[in-house]
Amino acid sequence: MPRLSFFSFILLFYLWSPTARAQSPVTPEVIVRGTVKDSKGPVRGVSVQAKGSPITTSTDTGGNYTIKVPSMRSTLVFSAIGYGAVEQPVTSSRVVNVLLSERATSLNDIVVVGYGTQKKGDLTGSVSSIKGADLQQSKAISFMEGMQGRAAGVQVTSTSGEPGAAVSINIRGANSFNSGTQPLYVIDGVQMDVNNGEVASSGFGSTSLSNPLASINPADIASIEVLKDASATAIFGSRGANGVVIVTTKSGSANISSLEVNSFVGIGRANKKFHMLGGQDYADYRYFTNPLDASFAVDTNGDGKPDKVRDMTGLPSHDWQKEGMRDALSQNYNVNYSGGNARTTFATSAGYMNQQGLIKNNSYERYNLSLKINHTATNRLKIGTSINASQAIGHGPASNGGNSVPNYNGLVQYFLLSKPVLVPDAGDLSQDPDGASFGSPIDFLNFSYKQSPFFRLIADLTADYRIINGLNLNVRGGGILTTSKNKEFYPSNTSWGFAGNGVAILNTSNTSNWYQTSTLTFTRRIKDHAFTLLGGFELNGYTGETFSMQGQGFDIQSINAVDNIATAKILSQIPTTNKYNYNRVSQFGRVNYSWKDRYLLTATLRRDGSSKFGQDHKYAWFPSAALAWRLSNESFMLRQNVFSDIKLRGSFGVTGNDRIPPYQSLATTANTFYSGSSGSATLGISPNSFANPGLKWETTYQYDGGVDVTLLKDRVNFTADLYLKQTKDLLIQADVSGQTGYLKQWQNLGQVDNKGLELALNTINLRLRNFTWSSNFNISFNRNKVRSLGSVGYIPVNITGSTISAVGRVIKGQPIGTAYGYVFDGIYQLSDFDLVGGSYVLKKGVTSILGRTAKPGDFKYKDLNGDGVVDNTHDYKIISNSNPLHYGGFTNNFQYKNFELNVLLQWSYGNDILNIGRYRYEAGGGYFANLTEDYWNNAWTPGNPTNKYAAVMGQGKTDISSYYVEDGSYLRLKNVTLSYTLNPSFLKRAGIAGCRFYVTGENLYTWTKYSGFDPEIASYSPLLPGIDNISYPRARTYTLGLNVKF
Amino acid sequence: MKPSSIKYICLSVILLAAGLAGCKKLLTEKPSSFLTTDQFYKTSSDAELAITGVYEILNAVDVQGNGNQPMWGATMQYLTTMGCDEQIGDVTFLAGQPNFLSLCNYTYTSENTLLWYTYAALYAGINRANFVIERVPSIDMDTTRRGQIVAEARFFRGLYYSYLGWLWGGVPLADSSVVNPTAPRASMQQIMQHAMADFSYAYNRLPARNKFDGRVNKYTAEGFLAKLNLYIASCKENNVGQSLSFPLNSFDWVDAPSAYQQALQYCKDIYTNSGYTLLKPFNYLFLAATKATARSEHMMIVQTGPGGNQENIVYSYLAGPAGAYNTTGGTYGWVRPVREGYNRFNSIDGRRSLSFSGAMPTSATTTPFETIGGYKYFIPSAIVTNLSNMSICKWRLDNPVDRINRGVPNWAGDIDWGVLRYGDVLLMFAEAKYKTGDETGARALFSELRTRAVAGDLTKLNTITTAYRKTDFMQELLDERSRELLGEGWRRFDLIRTGKLKSVLAAMDNSAMFPREDVKTIQSNFADNKIWYPLPSREISTNSNLVQNPGF
């Protein structure tokens, strides 16, 4: 049998170990036994392989194994994730006992890369790894939140504290203008893009997005690898430009049946509350703004005209945040069962999770079921299948505001803004003195209905055939199906349903995504030359279908009208369907070469075709190359023992992005209805976009230089990377001149650069007999700059759901993520005016505002062009930057005997937030809106000539200005977990293999100057992530968990 | 190597290569939920669908997903009615609508998004018309109908050019379905002549009435020919824009006497042959209940209707009795009248009480109502002496509950919006007669309108004729146009073309009639260059060959 190279061993390990159970072609003659231990005792599930053969077994719960090897000259290889691999020759005693050291030789850790695996030490690219155990410290719904602060160069931001809310992950900065800034996810070899559209949503009253990957159960994850530089990502070519997140789920082990039960319960409470005015203060405010309002003023002298504020004593004064929010409970149960025999292994998992939102009646539920089977059919053929099904259900009415008049405000906004007194009785909106559009938010919460289930099924089949030793064919195929339905009903006793006599909304979204991948891998080592060749072919198709309709006018509201939508008097939105499809075709190849394990080379080439581009631009080539020098393996380094590894890396590569909606290169038409003679709408068809046959790939050129240093016997691990990413031909829906008959077109234009530095330091600070202290520190600096916008002057950034809508611009020479507006320059004071005929006239030389007669107490802005008048064409500038100067995480882990304490601090520094929600609770959001105590007590008055807050009736509150820009820096005590593992010997008698208790606190404390609910903000607009329109508060959570293995 | 290995190597090579053959097909896009323009414009029904799309721009909710009611649904109303002595925006209510507020008080800049959306919507309409003009002639269908469809498309291209010219002056020409995105502005002369050529084409080929009730016909085209001729003639006569030294928008090319003569001929033809009449009573022109009968006078409407496609006009954003849009059918009160418009009426002129009211009470149970054509109309309060509650109530919305039940949101209405009506033609006819030397004939036409205004009462007719009489016929004409066409989108253009906008604004009473009226801002911000709107900044940033209008 030819000697298998180390590379093919790795490949086999990934695909089949610890499950591979090949029958040896030669009758085994020698039986070897032994026990595998680590510093704490026996280790189970360790793969034991006769080196150079497929013969493999694994250790049982006692760490024991038995293996038949071909001869006494065989060598055994012991490997397990989290441990360094150990090789031991068979001895005459036929007993081989091994002591594994935990992460002691992390360079031998197996890292999953595109279409294969590699030893960490052999990597030439920039890859961050996160172990499942670290990930599971986080009790968040999705694994994406668990990645926060754990890896350098990976910026994780959840959009809000709403359960199941979208999570934005930026790897090495934003390098795209369109929505496709999220990385590619590869889950057990299955590639997935995040398409928020997979979760059906009406958009009615909600601009928040849901996270479709929240349906993946974090408890099933064994490890996550984040591929950052082009050398690592280019093998994914078309889809790798934003980085790649590879998720590997747990597999079963041969000869060990393991049942693991994992459960936790948690309680969360809002980590911040706004202090709004109570009943009497609110009445004072209303009386101040309108002394004639009979609801808030009384007539004391009998002249028929109110002259004094009404005394609200005795009337209920509501604190809506208190009444509408709660201590949110969450519960999570998970059962994993895995096992197998020499030929077949399996792992199954079932999970249920229910997380309440901080807002009453809002919750997120998830059911998971997964099955993974690997089977060795012959000693050449291995097949595997995995099925993962999940159902995630979001409950509760929309919590953030929508984009048009009756549904501007959602519950979060209502809790702050709804008036505290004179609230109509439950269900009787018409009593409202301020008109029936405003009622009690508790009514809204109690009577509205919203449910949006999301089902996802991933089915994957793979076969690996060893053609000859060293040459393997792998064929993978499968599909991902999602189906989602959103149902909403706002009855006529809610503010959103009042006008239409009930509004019912129905949306569905179904997608199917199929793929087929074939790869040939050839691995060979000839003396000092080791190489692996990979060639592959891939097909991928995605089809989505949506349906939506909206009905109004329900005479029957005693049952949920959305379940009987035919009773609608009118369809306020006619049934609408949309079907779309796109396909990708790819060929790729990779060479890994190493000489004497000192010089490493990786080169990849991929050709991708995407249906989304113009006829002659569908294909593009994506090459990459990387070199690494393992300095530590040079002979002159062998004598020293400070450094166990020094590696210098350098890479260059090209990746692409095609994540735009399909059909954008075609000349499309749209349905345009016009009223017919009978009065009902008749269909018209109109040109809707003009062809762009030149539409092509957005391309990122990335350069990376890195160094990996391990010293002091692996007690210190240091990685640094410098990179430059240049993205050209950016895909953007650009403004086109109106004379063409069109407003926008998808075009390739401009260039965005990201450059940065990432540092990661892992240290074992103390290693005593019973106590270990280790830490992980990572910090990332990224600078983003728009280098060119082609012929376009700027890209406007507009948001919905606010009176302030034109909030930002993308400008050449500036980063992506900037707000654009006036520069706040204090408040107009009385001294700025002359009193002329009873009215205030600005003194000469005091800046005026175009189109506004300034009054004392108004916002004042800087006159940037010095013409004496402030106007929005000449006196706007960049006023905020959403990008942090640096961000990172600092984890400390303490182990004392059976106790383990893990503390994660996470931060973002130097980023700005445009807190436009503020105008609403600072008397700029309509006369009825409640105010914060802080504002009301400190607002400008002639007697309080502050420069900080405008007068109650002051003008300028809905201008976009730097008044609303705040420092969004924060340092957060993100996660503290204290766990206790019971002694195995003690448990053994009860038939329990392992038992662990833990307490976790999340979001325990946040150090920030930010005045909103929470500084961690990611708006739905990738062009201005740092904008807050009163977003769902984030919970401080305490969790109690139990983990038992049988 | 075993033979089976070779077999598998071959097999895997085949597998790797497989699909390459099918790739081309896989990567060719075949849309499911829409047609490409190449797949469309093939059949007679395609032609009908395409021309309906051209009409759609008139009250489009958005254009290609951008903007919010850029045309007569809302924004076109602001662009044509604000900034003169008929209506004004309420500063307080519009604080949250900075783009609209700036259109009310002349503080707009080229950044104004409403300007951009309307500008783009007009060109989108031209583009849709161009597709019809280019593609429909090769469709195999009934030749008469085919010719009419093309002529209707020409009408709309002319209409959209006209509004571009009136609002911005000379703009780029777009006479093909493929337009050079960086073409510079054409002159006012070219735009006006293109519009007239399109209207003439339509006039010569359209029937007297459209096959589809509510759509345009030859007299609609003729009415706009009259409009354009009066417009260019009076602009020339009054040296409009001359002080701005901006040759692109110059009217030096106009032969005013011949244009007046043209206008006279067109109006006379309509007066004699069109069959349009004055609808009585006057206010039935502006009610959803009576919109079918109103077509005896309306020559061009923006047609509205119920249903889920928002075929309506956002009347709650426009002038109307302020208050309680969701219970009794008022408006948000964003737009209010100014006293000059009201004071032009004599108290016995029936049009005054039909055009103005107080505010709308809130209670649907206690507010009195009247029933017209089966529709329930709540009655607004009376105007108080100091006029502080005065609203325009020409367009009245019926009971919001009934509207919702027929599929119209409570913030919108299904009243057809009249862009051109026979009453306007009578006034244009009068103007043309006067300008061609027949002042007596011109005044006789006033009587036709005033007779309706006093419901046929001859004594009252004499009273108001005397009261309204001005020695300067044009002054009386402009007053009469304001009385008859109040809020209908003509006053601002009339004042511009007669060179009177500046003096009229300066003469406005700037003491506040209602608490948030701000005439002063209008007066202090008006300047000579503001007879044209600025080209939207996005147009200039996407087409560097565009020259901005003077002063912006």
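**Exercise 1. Find how many residue pairs are in polar contact between chain A and chain B, and which strand of chain A gives the largest share of its side.**

Step 1. Between chain A and chain B, 24 residue pairs are in polar contact, both residues being at pLDDT 80 or more. A polar contact is a pair of N or O atoms within 3.5 Å; within protein, one must be able to donate a hydrogen and the other to accept it, and residues adjacent in sequence count only if both atoms are side-chain atoms.

Step 2. On the side of chain A that touches chain B, strand β29 (residues 568–595) of chain A supplies the largest share, 13 residues. Strands (E, at least two residues) are DSSP runs, numbered from the N terminus.

Step 3. That side of chain A divides into 35 nonpolar, 45 polar and nine charged residues. Here Ala, Val, Leu, Ile, Met, Phe, Trp, Tyr, Cys and Pro count as nonpolar, Asp, Glu, Lys and Arg as charged, and the others, Gly among them, as polar.

The model is predicted: local features need pLDDT of at least 70, side-chain atom pairs count only at pLDDT 80 or more, and totals for chains, interfaces and linings use all residues. Residues are numbered from 1 along each chain as its sequence is written, chains are lettered from A and ligands numbered from 1 in the order in which they are written, and side-chain values use heavy atoms, with hydrogens and water left out.

**Exercise 2. State the area buried between chain A and chain B and the number of salt bridges across the interface.**

Step 1. The contact (heavy atoms within 4.5 Å) takes 89 residues from chain A and 93 residues from chain B.

Step 2. The buried area is about 7,300 Å², and carbon and sulfur atoms give 58% of it. Buried area is the accessible area (1.4 Å probe) that two parts lose on being put together, summed over both.

Step 3. The rule finds two salt bridges across the interface, a salt bridge being a side-chain nitrogen of Lys or Arg within 4 Å of a carboxyl oxygen of Asp or Glu. In a salt bridge, Arg809(A) meets Glu111(B) at 2.8 Å, N to O.

**Exercise 3. Describe the open sheet of chain A with the order β4-β3-β6-β7.**

Step 1. This sheet has four strands, and the pairing is antiparallel. Two strands pair if DSSP finds at least two bridges between them.

Step 2. At the edges are β4 (56–58) and β7 (86–89) of chain A, each pairing on one side only.

Step 3. Strand β6 (residues 75–79) of chain A pairs with β7(A) over four bridges. Leu76(A) has Gln88(A) in β7(A) as its bridge partner.
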